[in-house]
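Me: Could you take a close look at one part of this protein for me, the aromatic side chains and what they pair with? I'd be glad of a connected walk-through.

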Amino acid sequence: MLANFRLLTVLFVLLFLVVSAAAAGRKVIIDTDPGTDDALAIMLALNSPELDVLALTVVPGNVTAAQGLENALRMVSLANRCDVLVAAGAQHPLFQKLITAEFWHGKNGIADVQLPPSKCKADVRWGPDLIIEMVHAAPHEITLVPIGPLTNIALAIQKDPSIIPLVKEIILMGGSITGGNVNASSEANIYNDPEAAQIVFQAGWPLTMVGLDVGNKTLLSRKHLDELGKTHGPVNDFIYQVAKFLIGLSEKFGETGTPMYDPLAVGVAIDSSIVTAPLMHVDVETRGEFSRGETVANRRNENERNVLHHFPDGDRYVIEGLDKVQPNAKVCTEVKADKFLQLFVSRIQGK
Ligand SMILES: [Ca+2]
């Protein structure tokens, strides 16, 4: 009888641990250059029970590192989430000058919305160090969600490559396999630090690329804005203003809504079934005359094998077969856009 009671107690404790672990959600670190669509992504993450946001690490991109840190701190404060660590990281890309995007994001990077000063303080650790420490503290549990240039992530794995197999997976916003937004070939996050991106893509960890392609199929429109306008709360009202700015901007350029680039990466972390993501080998072009920063994806995962031969009439290469190329990324190509947009609106409403 006593043995049965003990067994039951152990079972209950185990059940409690399993349930509480599930309730805590997937541990994520968001590396961000906030940023209007970063703001939407961060607020989606902070209000989704599927995710346990441990930290925001800040990278320069849409805005400078200093402005990005300030925006991140004000946003976690607005959401009443000083428990989420916020850390400054790199101050510039690895090998090139920073390109900021106030043109698209407003002077302060968050649609010129003036948020109250932050009640939360920045963590003293450097962003890449914080990533390294957190991954070692929770091996195989942490998902990295970079939604800016990949500078911080590259610095972290260069400083401590032993974290690579300890990261659960990496779901990043960046790249495109159908042309860019900076120019004909390149997407902004990758273009802002191509060398860092190539390091991250070749690291050999489970990587999902949420690129421009699917972002452009996921448009937040006036219909969604009206839904957000029906409810209120500090986060709700902030996101309403940011979304209104972005939708207005998209209309100026003849579109019917704003692409949810960064939020979709968070959406994939919440529920990967919203996207179709075939395996491909992706390299980042770091040299090309017209294509620096392009994510070059091999859709067939094979290359022709060209072998040099010497013939009486001269030397030439002859195709002798095909060599397999190992995929290194799941590349999102399709998205259940309506489902995701409804999820986004429902998570923000009333918050
Ligand atoms: Ca971003």
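Reply: Happy to! Let's begin with a charge over a ring: Arg316 sits over the face of Phe311, 4.1 Å from the ring centre. Please keep in mind that this is a predicted model.

Now to ring against ring. Searching the whole structure turns up 2 aromatic pairs. One of them joins Phe103 and Trp104 in an edge-to-face arrangement, with 4.7 Å centre to centre and 85° between the planes. Phe103 has a relative accessibility of 62%, so it counts as exposed, while Trp104, with a relative accessible area of 40%, is partly exposed.

Trp104 also pairs with Phe253, and here the rings are tilted: the centres are 5.3 Å apart and the planes make an angle of 55°. This pair links distant parts of the chain, 149 residues apart. Trp104 belongs to helix H4 (residues 102-105), and Phe253 to the loop between helix H11 (234-252) and strand S8 (258-259). Phe253 has 47% relative accessibility and so is partly exposed; the cut-off for exposed is over 50%.

Key:
Residues numbered from 1 in each chain as written. Predicted model: local features only at pLDDT ≥ 70, side-chain atom pairs only at ≥ 80, totals over all residues. Heavy atoms only, no water. Phe/Tyr/Trp six-rings, centres within 6.5 Å; stacked < 30°, edge-to-face > 60°. Buried < 20%, exposed > 50% of the residue type's maximum accessible area, 1.4 Å probe, protein only. Helix = DSSP H or I, 4+ residues; strand = E, 2+ residues; numbered from the N terminus. Lys NZ or Arg CZ within 6 Å of the ring centre and 35° of its normal.
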